[in-house]
Amino acid sequence: MFALILPAVLVVAALLVGPMVLLARISLNQYSATQLMIEATTAQNYLNAVADPYYRGVMATTLVMAFTCTAVTLALGFPAAYRLARMESRWKSLVTVLTLIPLLVGNVVRAAGWLGLLGNDGLINATLRGLRITSEPLQLIYTPGAVAVGTIAVVLPYMILTLSSVIESIPRAVEEAAANLGASALTVFRRVVWPLALPGTVAGCVLVFILCMNTYATAVLLGGSQFKMMAPAVYDQFSKGMNWPFGAALAFILLAATLVLTVLGTALLGRRYAR
Amino acid sequence: MSVASLSPAAAPALAGPGLSVRLGRIAFLALVVLAYAIIFAPIVMVVVTSFFDQEIVSFPPDALTLRWYVNAWAQRDFARGFVTSLQIALAATAIGVPLGTAAALALVRARIPGRGLINTFLLAPLAVPAIVAGSALYMFYLRAEDWLDMDIKATFGGLVAANVLITIPWTVRLVTASLAGLDRAAEEAAANLGARPLTVFRRITLPMLRPGIVAAALFSFVASFENLELNLLLVGPGRTTLPVAMLSYLEFRMDPTLAAVATAQIVMVSILMLVTDRFVKLSRIV
C-alpha cells in the first residue's frame, strides 16, 4: 500500500518541500549588486524588510485589505450561503455549480470584467454620464476600493460554498423549534444558526483570509501603479529587482504573517465556540 | 384546534408578517442578490464586451460583432498561449491523476499509521500561496539548471512538473471524496467467490472509482489551465501560458479581443464543470 502512496508523496516532497527549504536558505543569503547572491547566514534581509517603511506600508495595506475583504465577504456570504443550503435539491445542484464556475475561470478574466465596469469609459461611468449625473468620469479603477471589490468577488464563492455545507448540516427542525417557541427570525439567527455554524464560519474566514493575503492579479490589474500588496512585491523582487534573498525573505514574512494570524484567529474564535 | 391557540407567539404570523419582519426579509434577499451580483458582474461584463464592435470599450456599443473572436485567434500570443496551456494542463493531468488516485485509494482503504498526516501533506500544495511556491520553484529550477547543465525554466517539462503540484492535490481531494461513500461489500463478495486481488481491482474497484477519476481529471485540468501565480515566474519568452499572456496584455489595455479570449475560457470552464458535476456532485467536494 505504501507503494501506491509513495510516488505522489515523493513528487510533492521534491517540488514543494525541497524548493521551500531552498527558498528559506536563500532568504539567509546576502545580496550583491555584482554577483547577485553571496552565501551567508544572516537575518539581515528580514530585518531590512521589517525596518523599511515602504515594505511596512505594503504589509499594512495587505493586512487592512485582507481583514476588510474577509469581513465584508462574511457579511455578504452568510445570507447567500443560508439561502443555498436551504434550497430544494434540484436547484441546489445547479446553483452550486454556478457558484463554483466563477472560481475556476481565473482571476485575470474577472479583473478584465472589472476593468470594463469601473474604467473611465466603463459601464458605470458611461451610465452616470448618460444620465447627466456627472460630466467628468469618476476615478473608480486603480483605487484600493476597486481592488477590494475585485478581491471580494474572487473569494465570495469560497465563503458561500464553505458556509452552506455547514448550514446544511444544521437540522431545519432546530430552527423551527426555536421559532415555534416564539423566537424572532433575528433571535433564531443569533442564538441558533450562528453558534451552530461557527466552526464553518471560522473555516470559511480562514480560507478567505489566506486568499486575500495572497491577492496577486486583482491587485496588479485593478490597483494601479501606486498600489502595492505583498504578493506582487514578492514577484517584483524575483522578476525585476533580482534581489533573490530579499524576495525570499518577503515571501516567508508573508507566509508567516498569514499563518500566525490564521492560527490566532482560529484559536480565539474556537475558544468562544467551546464556551 | 388551531396552532395559534397553542402558541400565542405564532398568532402575529397568522395575521401576516409585521413590518420589521418584512423589512428583514427584504434586507436578507437584497444581500443574497448583491452577493451573486458581485460574483457575476465581471463575468457577464466580459462576455458582453466581447461582442462590442468598437475597438476601445465604451458604452453604449455602436454595433455588435463576432469578429474579435477571429482576431483573438489571429493574435499569436493568445493562440500560442492557449495551445501551451492546453498541452501543459493535459500533461499535468495525465501524470497527476494516476499518482493522486493511487495515493487516495491507499489512504482510504489501507490501515496505515499517519494517514491523516499524509493526506494533509498531499493537499499542502493548495495551502501554500501560489506566488510563494512559484518563487521557490523558480529558485529551485535555476539551481537545478546549474547542477544539471540543462534548461528547465520555461521548458515544457519544467512547466508540467510545476502543474503536477496542482493536479495531485485536487485528485487526492476528489477521489477521496468519491471513495468515502462506497462500501467494500462488493469487493469482499468478489474475493469470497474466488476472484484474485487483481481481478477484484479490475472488475470491481476500478469501475466504482471511475466517476471520481473522471471528475478529478476534469477538475485538475481546469485548475491547471487557469493557474496564473504558480506559472508566473516559470514561463519565458516563446513559452507562455494563456493566463500569463492575458495578464501582460491587460496591464496595457482592456479591449474586445481580450474579452473574446476570456469568454472562450469562461465557456470552456462552464462546460467542463457541468460535465464534472454529472460524475461527482460538486456540492460534495468543495
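1. A word on terms comes first: UniProt positions are given here in the numbering used for this structure, feature names are shortened, and annotations may be inferred rather than shown by experiment. The model itself is predicted, which should be kept in mind for the points that follow.

2. For chain A, the unreviewed UniProt entry lists residues 58–82, 94–119, 139–161, 196–224 and 244–269 under "transmembrane region". Among them, residues 58–82 of chain A are 100% helix and 0% strand, with end C-alpha atoms 35 Å apart.

3. Between the chains, the contact takes 71 residues from chain A and 81 residues from chain B. On the side of chain A that touches chain B, the largest share, 15 residues, comes from helix α1 (residues 2–26) of chain A. Sorted by class, this side of chain A has 53 nonpolar, 14 polar and 4 charged residues.

4. Within chain B, the domain assignment gives domain 1 (3–49) and domain 2 (74–284), and the centres of domain 1 of chain B and domain 2 of chain B, taken over C-alpha atoms, are separated by 39 Å. The contact between these domains takes 4 residues from domain 1 of chain B and 5 residues from domain 2 of chain B. On the side of domain 1 of chain B that touches domain 2 of chain B, there are 3 nonpolar residues, 1 polar residue and no charged residues.

Technical notes: Residues are numbered from 1 along each chain as its sequence is written. Chains are lettered from A and ligands numbered from 1 in the order in which they are written. This is a predicted model: local features need pLDDT of at least 70, side-chain atom pairs count only at pLDDT 80 or more; totals for chains, interfaces and linings use all residues. Domain bounds come from an automatic or database domain assignment. Two residues are in contact if their C-beta atoms, placed from the backbone, lie within 7 Å. Ala, Val, Leu, Ile, Met, Phe, Trp, Tyr, Cys and Pro count as nonpolar, Asp, Glu, Lys and Arg as charged, and the others, Gly among them, as polar. Helices (H or I, at least four residues) and strands (E, at least two) are DSSP runs, numbered from the N terminus.
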